[in-house]
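This report looks at how parts of one protein chain pack together. Read it with the sequence and the model side by side.

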Amino acid sequence: MPCPALPEGFDFTDPDLLHHRVPLPEFAELRAAEPVRWIPQPANIAGFQDEGYWAVTRHADVRYVSTHPEIFSSTLNTAIIRFNEHMNRDSIDAQRLILLNMDPPEHTRVRQIVQRGFTPRAIRALEDRLRDRAQSIVANARAHSGPFDFVTEVACELPLQAIAELIGIPQDDRVKIFEWSNKMIAYDDPEYAITEQVGAESAAELIAYAMGMAAERKQCPAHDIVSTLVAAEDEGNLNSDEFGFFVLMLSVAGNETTRNAITHGMHAFLTHPDQWELYKRERPSTAAEEIVRWATPVNAFQRTATQDTELGGKLIRKGDRVGIFYASANHDPEVFENPDVFDVMRDPNPHLGFGGGGPHYCLGKSLAVLEIDLIFNAIADAMPNLTLTGDPRRLRSAWINGVKELQVTAG
């Protein structure tokens, strides 16, 4: 089988590339010809003292890497596939305190605690309040007499308000969470002029804010998730540091990803008007999952090999970084019929937009699906004639498939 004809120096984590598009044609070439391929990088360009990573592009292989943490570690180099050349090793190692970057058994211990906040009962308890919030958000957006930014007026609001509801953050503070999380992931986008120091300071402010909440609840427990997670450390709960890093992760995983799924989903509907008409008429329960597959808000994470192993016919050496590309897996024709078609009736839909299974499968999947379902139902009810007035402005990022701005009018 011939090697895929990628241009010399092509890198799937190049933020300049992802600023313009997700490289779906190049992923297709790799899946067909070389599904596990070494991607060389200039020394230290990603913040790691190595010369590149293995790109894993098939659905089955992404699942395999995700479900074998004993072979493919999240802790050794974290799950972030690319920082930048200014990132130092101490800063990378400090991120091991985040759940996303833990391996079992420590990951198992922390996840068993925090998943108390994401039980079906806990999510059901939020549904009516979030439905009211979704309807209010859309009503406020509809009041605009001309074009408005769908990202800031609609897509970001429900995830932020859901996080605030879930863990007891005052709604008036949600703007702080929005700004802190944006700064933490925007270090690759020159428009924001965010330095590594600003990103680190934002992370520290968010962690300090969360630790303050934890300290308050230990003194005066309330009927909220914070009290459930931190009020009694000796009974297997989180200490203040762990809770701080959990909120940091939640602010990105629960805000940035869901916000971008909603934005990409709206753009998909408005560029596939037949699907928008179908959705407005049928309100299929399958729509949210297809939106996540189509959007794939996290393009890629990484793992690091803990031993020599073979994958896709290639020998991966101990210490090699391995990029698992969810966007590619979600367009694998061996798994999805007509994968390049946006189809809100798609069923089954075994996409990997919430991760490839295993210990890091998305903790908040049920909440994200609920938010997506509620906001699009609200839009279909109150703004059925929503219209695009401009192309999406994409985030320059090595791993987030993000949209900064999407101009629309209520019609």
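A residue is called buried when its relative accessible area is under 20%, and exposed when that area is over 50%. The model described here is predicted.

**A buried asparagine**

Asparagine 260 lies in helix α12. Is asparagine 260 buried or exposed? Its relative accessibility is 2%, so asparagine 260 counts as buried. Leaving out residues up to four places away in sequence, asparagine 260 touches Ala295, Pro297, Ile400, Asn401, Gly402 and Val403.

**The nonpolar cores**

In soluble globular proteins, nonpolar side chains tend to be buried together. The largest nonpolar core in this model has 84 residues. Which of them touch the most other members? They are Phe150, Phe243, Phe246, Ile375, Phe376 and Ile379. Helix α12, which spans residues 240-271, supplies the largest share of this core, with 13 residues. A second core is separate and holds 43 residues, including Phe12, Ile39, Val298 and Leu395.

Apart from neighbours within four places in sequence, phenylalanine 243 is in contact with Ala210, Met213, Ala214, Val226, Leu229, Val230 and Leu238.

**Helices with one buried side**

An α-helix has 3.6 residues a turn, so residues three or four places apart point the same way.

| α3 | 59-66 | His59, Asp61, Val62, Val65, Ser66 | 170° |

In α3, the buried residues are His59, Asp61, Val62, Val65 and Ser66. They line one face of the helix because they fall within an arc of 170° seen down the axis.

Helix α6 (residues 120-142) and helix α8 (residues 157-167) have axes that come within 10 Å and cross at roughly 150°. The crossing of α6 past α8 is right-handed. From α6, the contact involves Leu126, Arg129, Leu130, Arg133, Ala134 and Ile137. From α8, the contact involves Glu157, Leu158, Gln161, Ala162, Glu165 and Leu166. Of the residues in this contact, seven are nonpolar, one is polar and four are charged.

Note on methods: Residues are numbered from 1 along each chain as its sequence is written. This is a predicted model: local features need pLDDT of at least 70, side-chain atom pairs count only at pLDDT 80 or more; totals for chains, interfaces and linings use all residues. Side-chain values use heavy atoms; hydrogens and water are left out. A nonpolar core is a set of buried Ala, Val, Leu, Ile, Met, Phe, Trp, Tyr and Cys residues joined through side-chain atoms within 4.5 Å. Buried means under 20% relative accessible area, exposed over 50%, partly exposed in between (1.4 Å probe, protein chains only). Helices (H or I, at least four residues) and strands (E, at least two) are DSSP runs, numbered from the N terminus. Contact means heavy atoms within 4.5 Å. Axes are lines fitted to C-alpha atoms, for helices over the stretch in contact, and angles run from 0 to 180 degrees between N-to-C directions. A crossing is left-handed if the near helix is turned anticlockwise from the far one by less than a right angle, and right-handed if clockwise. Ala, Val, Leu, Ile, Met, Phe, Trp, Tyr, Cys and Pro count as nonpolar, Asp, Glu, Lys and Arg as charged, and the others, Gly among them, as polar. The arc is that of the directions from the helix axis to the C-beta atoms.
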